[in-house]
Amino acid sequence: MVNVWRFMNIVFLIALWIYQDPPLVSFLFVISLAIIVCLRWRFRLPSWTIIIDLILCFLFIPLWGSSAYGLALPVYEMMSRQKYRFLIVVILLIALFELYSIVLLWLLFQAGTFGVWDASSKKQRERYITEADRERHARQALENVKEELLKSNRKTAQLAEVSERNRIARDLHDHVGHDLTGANLALEAYEQLEGREAEAMLNEVKLRVARSTAMLRDTVHDMTPVTRIGVDVLEHIAKEFIHTSVSFQRSGDMKLVPAHYWGLLEPCLKEALTNVARHSDATEVNVNLDVTTYLVRLSIQDNGTESKHLGEGSGIRNLKVRARANGGSVTVNTVNGYQVVCVLPLEEDKR
Amino acid sequence: MTIFRFALKRILRDKTNVLFLTLFPIAAIFLPTAEDGWPLLPLGYQYFGILLLFVSIRLTSIMIEDRQKGVVKRLAAAPVSHFNYLWQNLLAFSVIMIIQIIIIISGGYAYGHELYEPWNLTILYLVFMFTAISISLAWNSLYRSKESSFLIFMAVIVLMALLGGILFPVEMMPVVFERIAVIFPTYWLSEGIEWIVFGEDRGDFLFINGVLLLYALFFLIIGSIRRIS
């Protein structure tokens, strides 16, 4: 836009030159200004180049009075670059050559105003851009943190599993293992002994076996969780859902599913059932959980007809992100009722 | 200088180009001198400016071709700056046109034409040649296909020659047109030719060449813009 204005100024000067019939030399002024305008269009010239415009005006105003109209260009430049000290030169030129034409002064004022407006709009644009950049950065950082969190969640689950396994192994080794080995040795000794010594040895064996049985019971008791875990949670949620009848079917070996997957399957089922309760007119919900050697698939299908126009809520979107972080996916299908399918891959070492 | 050499080879590979580039200046030498006092120089020399414009648009069209074929796009990815590509191509065009100018001046001198000041005429043609190249460069930067650029520029050349006072004297036109003529570079060429014939103030000749060079610079700045697609 600015360049159109600049070139229009040149066209105006050419027209004026043709109309007024000044000496031929003054045509140099028009061409030189045109070259500077062209350079400003192509490159970002430094501010001192305004001096060139002013010198050209200074040289040619005595030859052709209307060269003063060319001052509009440097006035615009100095205002848009906020180099106000050059204004003194313009005022000096006006005073020196007694350019007190109202039209000229009005034109210069317009050019200056245009320059100020351009500078302010440029500044505003820059501010918007930096703000947009900052927002984009923040959003990206947030996404990264989310991803990291999901990853560390997975890691923690694996770590917990490993440490729990270690604890069990340690308990079995330290208590049950020692006692059983002792009992075994005592039994071997018992075969070689006779009389009272043998009886004492047998009692020792009994004691050790009883102790290790108690210890084993304790360990197993420690390991059995009080709260529901795994597939039981899903079944429990399905059973407790009172809004519609929910049928829950499962197939495959549930032990293959890593612990942290339940943390995703559970909110998935909850979200789907909540959606049914809140938005759907469904009367029946089928929940299928299939575990194969390669993947876990949870499908929640209802027979509703009203939920087709529903968009994706933030719940489903969040689940999608979490599933993606685990290498799986959550998809929504609205062809027959409303169906949410969550597919998660099983890792190599789990198979 | 690979681009320069390649540009030369490309131009000279085309047989019609070679014919066009050599035959026309040679033919121009043999055009007669006007009998009624205008044009001042032999016809071939008066119209040589038009020929320079035609040749320059023909030569610079290989740069449009580069754009059409995607060469410019590949160059943008190659370790060659746009500036390098530009100046080496322009140098190749200039070399060819300088040879044409040498042919026509030396040929005319040998043929026995009255050229008044052959050296100054050479300088004038050289300066106008730069203007012609940069005008066609700027013109080409507006177009995507070389055919449409060439065809429309032909009309522009005729217009410039008519209004600029090459085909007939500016003084014959209405006063307004006489003033408008000044904005065409061809006007300055015919002024230059007039100066060479009547040769008065040396400053005038410098002024004429100065204006032509400023025009060359102006169009060069416009034409040097890099258009990839």
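Student: Which residues touch the most other members of the largest nonpolar core?
Tutor: This is a predicted model, in which local features need pLDDT of at least 70 and side-chain atom pairs count only at pLDDT 80 or more, while totals for chains, interfaces and linings use all residues. Residues are numbered from 1 along each chain as its sequence is written, and chains are lettered from A and ligands numbered from 1 in the order in which they are written. A nonpolar core joins buried Ala, Val, Leu, Ile, Met, Phe, Trp, Tyr and Cys residues through C-beta atoms within 7 Å, buried meaning that 20 or more other C-beta atoms, placed from the backbone, lie within 10 Å of a residue's own. Of the 93 residues in this core, those touching the most other members are Ile31(A), Leu33(A), Val75(A), Leu52(B), Phe128(B), Met129(B) and Phe218(B).

Student: Which helix gives the most to this core?
Tutor: Helices are DSSP runs (H or I, at least four residues) numbered from the N terminus. With 12 residues, the helix that gives the most is helix 7 (residues 118–140) of chain B.

Student: With which residues is Ile31(A) in contact, leaving aside its neighbours within four places in sequence?
Tutor: Contact requires that the C-beta atoms of two residues, placed from the backbone, lie within 7 Å. Ile31(A), one of the residues that touch the most other members of the largest core, is in contact with Val211(B), Leu214(B), Tyr215(B) and Phe218(B).

Student: Are helix 7 and helix 10 of chain B roughly parallel or roughly antiparallel to each other?
Tutor: Their axes, lines fitted to C-alpha atoms over the stretch in contact, are compared by N-to-C direction on a scale from 0 to 180 degrees. Helix 7 and helix 10 (residues 185–198) of chain B pack at about 175 degrees, with axes 10 Å apart. Angles under 35 degrees count as roughly parallel, over 145 as roughly antiparallel, 65 to 115 as roughly perpendicular and the rest as oblique. Helix 7 and helix 10 of chain B are therefore roughly antiparallel.

Student: Which residues of helix 10 of chain B make the contact with helix 7 of chain B?
Tutor: On the side of helix 7, the residues include Leu121(B), Leu124(B) and Phe128(B). On the side of helix 10, they are Pro185(B), Leu189(B), Gly192(B) and Ile196(B).

Student: Which helix supplies the largest share of the side of chain B that touches chain A?
Tutor: The contact takes 13 residues from chain B and 13 residues from chain A. Helix 9 (175–180) and helix 11 (202–223) of chain B each supply at least two residues of the side of chain B. The largest share, eight residues, comes from helix 11 of chain B.

Methods: A residue is buried if 20 or more other C-beta atoms lie within 10 Å of its own, exposed if 12 or fewer, and partly exposed in between; C-beta atoms are placed from the backbone.
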